[in-house]
Amino acid sequence: MNTYQNLLTNYDSGIYKIIINRPDSHNSLSKGLLIDLGNAISEAEADNSVRVIVLTAAGNKAFCAGADLKEAMTTGEMTKMSESLQKYYNPVIKGIRESGKPYICALNGIAAGAGCSIALACDIVIASESASLSQIFIKIGLVPDAGSSYFLPKIIGNRKAFDLFTTGRIVNADECLELGLINKVVAEQELVSSVEEIANYYKNAPTKSIGLIKKMINKSNHSTLDEMLNLEAEYQDIASLTNDAGEGILAFLQKRKADFKGK
């Protein structure tokens, strides 16, 4: 695995952990961090030994405070935001969503702006009690980006999304759970162990099937019933030919636990 200037990474028997590491700036998204994050995501995708990715951040105050506005003002990025989004932000979001592997977000502080978008892009979000989300864009006169306008209305509906988009209010962990924005809230001292438990499940799961399921979920948002029925049939053919499907069916018939290899 490569080393990165703005990330800490760790690989352990199928689990690849990516840790955003700019705690002095509340883990805000600098150009360098976004490049590192995109490269780490690509690296995890290309490595067949990686079965699940855990995405978290250094410290416990902020998972990610969004764009590094100081850098953006200094470098002139604020005058060419569409270019910055297309080149640096969007590949990160697409990399997570289009990955054939599950992404678990260990939300260990506030995720604001594009940081919130990154959390929403993940497949599972486990939050500490002190974690929170904020669509803070409106506070500086901007609109949601990095995928938030896609994810949020689909998760919580248009009316509630309008509330969060137009107020930018901080949504605490309990309300996030109630709205369906996260999967689980745990005590701060239990976050690491809770995420490890879930990651251990996915590192032993049929990875190819999970990748197909992610694609189905992505397509279901803008497909008809007939289109999804056809896609299910197509993907079931693909899944049935994997080694894991053969092992899973045999294990079921033999009444034992399946030993999935992610192939």
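Mentor: Let's start with a sorting rule: Ala, Val, Leu, Ile, Met, Phe, Trp, Tyr, Cys and Pro count as nonpolar, Asp, Glu, Lys and Arg as charged, and the others, Gly among them, as polar. The model is predicted, so local features need pLDDT of at least 70 and side-chain atom pairs 80 or more, while totals for chains, interfaces and linings use all residues. Residues are numbered from 1 along each chain, and side-chain values use heavy atoms, without hydrogens or water.

Trainee: How do the residues lining the largest pocket divide?

Mentor: A pocket is an open set of points on a 1 Å grid, with protein on both sides within 12 Å along at least five of seven lines; lining residues have an atom within 4 Å of a point. Here 24 residues line the largest pocket, with Arg97, Leu120, Cys122, Asp123 and Ile217 nearest its centre. Sorted by our rule, the lining holds 16 nonpolar, 4 polar and 4 charged.

Trainee: Which element gives the largest share of that pocket's lining?

Mentor: Take DSSP runs, helices of at least four residues and strands of at least two. Helix H4 (114–121), strand S7 (124–128), helix H5 (148–156) and helix H9 (207–220) each give two or more residues to the pocket's lining. The largest share, 5 residues, comes from H9.

Trainee: And the largest cavity: how do its lining residues divide?

Mentor: In a cavity, a 1.4 Å probe fits but cannot get out. The lining of the largest cavity includes Cys116, Leu120, Ser134, Gln135, Arg169 and Leu181. H4 and strand S8 (132–134) each supply at least two of the lining residues. The lining divides into 7 nonpolar, 2 polar and 1 charged.
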